[in-house]
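Colleague: Could you put the model up, so that we can go through a few local features together?
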Amino acid sequence: MHRLLKRQLKRHFQETVPETFQPLLQAISSAYEQADLDREMLERSLALTAEELLERNQRLSQNLQTQQQAQADLKASYEILDATLNASKEGILVVSADTDRPIAVNKHYLLLMGLSEERINHMTGADLFRNSFLQLFEGQQLYDQLKEMRNHEHGSHRIYPMRKGGWLEVYAVKHPVAGYIWMLRDISEIREKEETITYQAQHDSLTGLPNRVLLQDRLELSINRAQAQHSRIALCYIDLDGFKTINDSLGHASGDKLLIEVALRLKQGIKPQDTLARVGGDEFVVIMDDISSQDEVLQRADNMLATLMPPVELDQRSFFIGASIGIAMYPNDGESTGLLMRNADIAMYRAKANGKNCFHFFTPSLERIAQHRLQMETELRKAIEQDQLELYYQPKVFLQNDPRGARTGQLHSFEALLRWQRPDGSFVSPESFIHIAEEAGMISQIGQMVVEKACHQARQWLNEGYESNISINLSPRQFLIPGFHEDIVDTIRSYGIPSAMISVEITESLLMQDLVSARGVLEYFRAHDVFVYLDDFGSGFSSLNYLKTLPVDAIKIDRTFVRDLSTSRADRAIANTIITLGKQLNKLIVAEGIETVEQANFLIDSGCDLAQGYFYGRPVNGESARHYFQLSPTLPAATSPLAKPGASE
């Protein structure tokens, strides 16, 4: 029986409930039990429903938060994408393949294409294409690029010149989802830098003229054109005369000004269609196209030389600059760029050998000379390495009796003369190889070697009890080497011999190249007791005023005035004049190239101080030179050339 029914029965029935009520009570108890069961089920159902609703509500909350986060992330992504697109230096446009409407665009695209955001919102892809077409010089190629973009999975790339100026790089690709993607970049600055780099690589930085690289290209084009048209070309190789002297004496800044002036003048001397290039320090090349005759080349080469004739003003001083021009013709003198340049260069060296400030056409004989010169240069380098160069010594003798005790014919000093003896015993004269050594840059090495050998010989003689001065010749190129005079004095000191035992001989043409520098060098020599001979006097154009002021100790009469003394009244007059002038200036007078007794007697009678030549002695090696000491006992007057014959103590 249900517990609630039992409680009620106990409250109302003190005694046992009658039997007749039992079925009713049983039914009521069952009803109670069923009610409890229904209530329990209802409560359980209500509890489950509340829990499910709570879980569903939590899921909805979570979904809502996720959606809100996704929306925030999407918004951030859009902002990042927009910032990225607008931060890009490329103009970016994306056009839908379905709607033909722009779905993405950045500000740089609008700027490049001259559009606004408001305007582009009302434009289709076709409108934007037409707008781009109008912005470009070669807009027609946009159609080709559009076809490439549609048919090529890797897209299409083109560069266009813009109508407003500059260059536009365009990359286009079709994406299966995004549609048509156009990326534009203004490369005007890059192209400008590339053009600048290309220009600098092909032009001389000083004069702005084409350099060797561009010259090579233009010469190839000229040859190809001449070959097709059966015409001729003239290639002129120009080397300035005396530029190194100006550059070394006044400095590189003045040298640069001179080169700029030369470039301007040469431009005036050629036709506008000709190519003028600078290919080296003071070397220029001119390509003359479509030449009608050799006479035309002659006239135009004359014009170029004429433009260089007026003096150039540098540092308030006037300088005359000439040029040596070598000319090679296509096709006669070569059908390739290298051969034409080589042959024109060979002809230029012949022009220099002919006296400079002139031009010379290439000939086959010049090629043989050039080959010989190259062979000689190779052999000379080998000779220097193998110490084949040797000094020979030619005596200078007194022509006048001297109060100190010297007598006519007695040894005064020696001149060191360079000799090159090949392994086969044959000799090469200095006239054949000194100019090659100068041009090939070997003269500094040879000059130092001569000083070393002369000092070594002087030291050796001094150790044996013989004391005599040795004079060495200075090359014009050697004279331009900075500090060479200091090196000479240092070398003399290193051998522990008196400075008066070594003297130098320089030509008057060398002095006239740069008097300011020359005077400084000569004064340095004088300050260190190094005697200076002015060689080949009378053969150049020196000023007597310079001779009066320059610190020169002796004058050597050029052999061209000595050779015909016995037959030429003019040479006798010149020799007498030089001797008289030298004595008035208190200079020692030396005559060289004496070969006959008549020449010797004339010079003795004229009062010349010293003589040198085959009549008194040939050049010999250091061992054989001892013979001259034995013939002439050592005297105080013979020790140093500073002691002038005939002068009082």
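This is a predicted model: local features need pLDDT of at least 70, side-chain atom pairs count only at pLDDT 80 or more; totals for chains, interfaces and linings use all residues.

Colleague: Which residues lie nearest the centre of the second largest pocket?

Modeller: Gly125, Ala126, Phe129, Leu146 and Trp182 do, out of a lining of 23 residues. A pocket here is an open set of 1 Å grid points where a 1.4 Å probe fits, with protein on both sides within 12 Å along at least five of seven lines, and lining residues have an atom within 4 Å of a point.

Colleague: And which element gives the largest share of that lining?

Modeller: Helix 5 does, with six residues; elements giving two or more also include helix 6 (141-151) and strand 5 (179-186). Helices (H or I, at least four residues) and strands (E, at least two) are DSSP runs, numbered from the N terminus.

Colleague: Switching topic, which residues of helix 14 are buried?

Modeller: In helix 14, residues 430-439, they are Pro430, Phe433, Ile436, Ala437 and Glu438, and just after that helix glycine 441 takes a positive phi of about 80°.

Colleague: Why does isoleucine 28 count as partly exposed?

Modeller: Isoleucine 28, which lies in helix 2 (residues 22-87), counts that way because its relative accessibility is 31%; buried means under 20% relative accessible area, exposed over 50%, and partly exposed in between, with a 1.4 Å probe and protein chains only.

Note on methods:
Residues are numbered from 1 along each chain as its sequence is written. Side-chain values use heavy atoms; hydrogens and water are left out.
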